[in-house]
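Please look over the sequence and the structure below before reading the briefing that follows.

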Amino acid sequence: MIVLGVDTSTEFLSVALIDGKKALANYDAVGKLNHSALLVPTIKKSLTKAKKKIKDIALFSVGIGPGSFTGLRVGVTAMRGLAIALDKPIIGVPTMDAIAYNALGSDPDHRSLHNEGLTPKICPILDAKKSQVYACIYDVDGDKLVRKSDYLLEPVERLIKRLTGRVIFLGDGIPIYRDKLSAKKTLKAEFIDDKRWFPKASVIVKLGLLMFNSGKHDDPYDLEPMYLYARDCNVGVRPRPS
């Protein structure tokens with residue numbers, strides 16, 4: 001099954017074309033939020049590299065945020081349009097889930113995740129401006145993550161109150177809030193390098209396939225980005241991958 005994955009929720013534009021477990025094309029680049037100009041040419045480049053046509057794609061998988069409002073609109077609208085035009089299924093994947101799985105990718109055999117018998121929680125944090133972060137908290141279960149919180153938009157101080165023990169953080173909120181995260185005595189904060197701070201389309205494909213194979217799908221006419229607002233931090237909670 002050939003799957004096209006796209007994420008435009010951050011400053012990084014990520015596009016992946018995958019057939020089963022074989023990567024046909026994979027592009028990750030800083031788009032400086034110029035995704036509207038770069039997305040379609042990058043999809044065309046991916047198809048050319050893979051020697052495939054757009055009609056060969058069996059499933060579209062797209063990051064739905066939270067993240068940049070403008071970036072999300074570009075990616076979701078484009079993928080919806082393709083799914084509708086080709087009458088193919090589409091899956092929306094939460095950005096927090098995709099970023100969180102980068103923590104497992106940084107340690108393929110997961111040994112360091114379980115050192116001293118203390119399995120950590122995983123917490124991606126993105127800078128949401130106005131002294132707030134987008135975040136979500138996950139438990140590690142083998143090679144899977146289990147979501148333990150809603151998708152959050154809140155001040156980092158409130159997020160810190162939710163956390164104790166060993167927690168691995170990743171995301172572009174780290175440079176801003178590292179000191180505050182490290183200062184809590186009951187929190188053993190660890191930080192993953194910046195190469196893994198952003199969602200990758202290859203992970204969007206993986207999670208999208210998990211959801212699709214378990215019977216989940218989205219209506220391309222109704223699929224919308226996950227916008228979180230300060231007045232309601234629980235908006236847009238979606239099913240966890242199984």
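Is D218 buried or exposed? D218 counts as buried because its relative accessibility is 17%, where buried means under 20% relative accessible area, exposed over 50% and partly exposed in between, with a 1.4 Å probe and protein chains only. The model is predicted, so local features need pLDDT of at least 70 and side-chain atom pairs count only at pLDDT 80 or more, while totals for chains, interfaces and linings use all residues. Residues are numbered from 1 along each chain as its sequence is written, and side-chain values use heavy atoms, with hydrogens and water left out.

**Surroundings of D218**
- D218 lies in the segment after helix 6 (201-213), helices being DSSP runs (H or I) of at least four residues and strands DSSP runs (E) of at least two, numbered from the N terminus.
- Although 127 residues separate D218 from I91 in sequence, their C-alpha atoms are 5.4 Å apart in space.
- The side chain of D218 also reaches the backbone nitrogen of G92, at 2.7 Å.

**Strands 8 and 9**
- Strand 8 (residues 138-141) pairs with strand 9 in the antiparallel sense over 4 bridges, pairing requiring that DSSP finds at least two bridges between two strands.
- V146 in strand 9 is the bridge partner of D139, and V146 belongs with K144 to the uncovered face of strand 9 (residues 144-147), whereas L145 and R147 form the covered face.
- The hairpin of these strands has 2 residues between them, and G142 takes a positive phi near 65° there.

Key
A polar contact is a pair of N or O atoms within 3.5 Å; within protein, one must be able to donate a hydrogen and the other to accept it, and residues adjacent in sequence count only if both atoms are side-chain atoms.
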